[in-house]
Amino acid sequence: METITPPPYATETGNFFTWMGTDGICRTITKPAAEIDLESAVENSNIVTALYKNKKFPLLVDSRNIRSMTKEARRHFSTNGRDTKITSMAILVKSPLSRVIGNFFMGINKPQVPTRLFDSESEAAQWLKQYL
Amino acid sequence: MILSGDNISPENSERISTILDVIMSYARLDFSRKTFISGNGDSIDALCAGVNMLGEELESSTLSLREKEQLLKEIHHRVKNNLQIVSSLLNLQSENIKDPAYLNMIVASRNRINSMALVHEMLYASRDLTKIEIGEYIKRLSNNIYLSLSKPDASIHFVYNIEKSYYFEIDKMIPLGLIINEVITNSMKYAFPDNKGSIGIGISDSDGTTTLLISDSGVGFPKGFNLEKDSNLGLQLIKMLTEQLSGKLNINFEGGTSYNIAF
């Protein structure tokens, strides 16, 4: 599995590393066995929003190490009913567990921005470029 | 429940068993249990995560449904209470009225209001809050009207011919209740000069049509009565409400009076 290594300037929170890539795509990766609740989700989206500088941007989420995500966190990440600075979302999944969580999120919570699941970072980044 | 198979290790068999137990809890609308995600990211962990998330969503939907049911119950309760307040106000007002004609009008209005209040009372006590069983409604309504209109020495009996349960929603029950109220009231007021007799109420269905039949053993309509010209408010209401049900009204004057309403 290709891994994404956070750069030294990435912001670290309880469950995530988040940074703006040089290609204009924001990246956020979950730490191993991350259990995401609402507090953790809000903390993450605040970090993402703080990267906004006059132009909305696409977001690449590496959820391959996720262990669980609560209903409240899923609703929050769907960005429905709240202001968001992201134009689109690509979610990296690999293990059966991350696939189920990703598919559940997509199917039940229906994010308000274009969102797709990928198992390759390069394909995800390629897809996100159209939303730069 | 234990699953076994050549390809399932005892450990995984135990994990799957736990998942099935949790699913059964959800089927009983008990959402307190969750499956355990081991963290090794395998297919069983994926199944666990899916079941847990499904449980969370189901719990949320169930709570929302229960809240809506509670709200609907509350609305029916309040409508019933408000109608009863109107009925009580009419009662209070009638205490100062001496003219029997006005008094009759107030009693008739009060009974019409009570027939609607009974629909709401039965709706909030019903299981699904949308339909009520008309047989029970007819029995309660006819008893209420009897208590309201019968004279002390009266001997008027109700004969019910309702062989099975018929459930109707509020849009049908309100007009049906008012029709039944008017017909029984007419019989109680005019059919039995000697205060003796019987009123039969039946409901049946055939080929998608439901028929309400109310008949009395009384004296019938006065000679020369013209249904179009001489109808009182009660009869006009019966005709109007039958139209509201998209039904057909047939009144027969032989051997008493009978009202046949097919809808």
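**Entry 1: confidence.** The model comes with ipTM 0.75 and pTM 0.64. For chain B the mean pLDDT is 87, and 97% of the residues reach 70 or more. I then looked up where confidence is lowest and highest in chain B: helix α6(B), residues 233-244, has the lowest mean, 88, and β5(B) has the highest, 93. A reminder to myself: where pLDDT is low, predicted coordinates should not be read in detail.

**Entry 2: the overall make-up.** I found six helices and seven strands in chain B. Along the sequence they follow the pattern α-α-α-β-α-β-β-α-β-β-α-β-β. Of the 263 residues in chain B, 29% are buried. I also looked at contacts between residues at least 6 apart in the sequence of chain B, and 67% of these join residues at least 24 apart.

**Entry 3: the sheet.** Which strands make up the open sheet, and in what order? I read five strands of chain B in the order β2-β4-β5-β7-β6, with mixed pairing. Strands β2 (155-162) and β6 of chain B are at the edges; each has a single partner strand, so one side of each lacks a neighbour in the sheet. On average, neighbouring strands of this sheet are turned by 10° against each other, direction ignored. Helix α4(B), residues 134-149, lies across β2 and β4 of chain B and runs at about 170° to β2(B).

**Entry 4: β4(B) with β5(B).** Next I followed β4(B), residues 196-206, to β5(B), residues 209-216: the two run antiparallel and are joined by eight bridges. One pair I picked out was S204(B), which stands opposite T211(B) in β5(B). The two strands form a hairpin with two residues between them, and D207(B) in the turn has a positive phi of about 50°.

**Entry 5: β5(B) with β7(B).** On to the pairing of β5(B) with β7(B), residues 257-262, which is antiparallel and has six bridges.

**Entry 6: β6(B) with β7(B).** Strand β6(B), residues 248-252, pairs with β7(B) in the antiparallel sense over five bridges. Here N252(B) stands opposite S258(B) in β7(B).

**Entry 7: the two faces of β7(B).** Which residues of β7(B) are on the covered face, and which on the uncovered one? I listed T257(B), Y259(B) and I261(B) as covered, and S258(B), N260(B) and A262(B) as uncovered.

Notes: Residues are numbered from 1 along each chain as its sequence is written. Chains are lettered from A and ligands numbered from 1 in the order in which they are written. This is a predicted model: local features need pLDDT of at least 70, side-chain atom pairs count only at pLDDT 80 or more; totals for chains, interfaces and linings use all residues. Two strands pair if DSSP finds at least two bridges between them. Helices (H or I, at least four residues) and strands (E, at least two) are DSSP runs, numbered from the N terminus. pLDDT is the predictor's confidence in each residue, from 0 to 100. A residue is buried if 20 or more other C-beta atoms lie within 10 Å of its own, exposed if 12 or fewer, and partly exposed in between; C-beta atoms are placed from the backbone. Two residues are in contact if their C-beta atoms, placed from the backbone, lie within 7 Å. Axes are lines fitted to C-alpha atoms, for helices over the stretch in contact, and angles run from 0 to 180 degrees between N-to-C directions.
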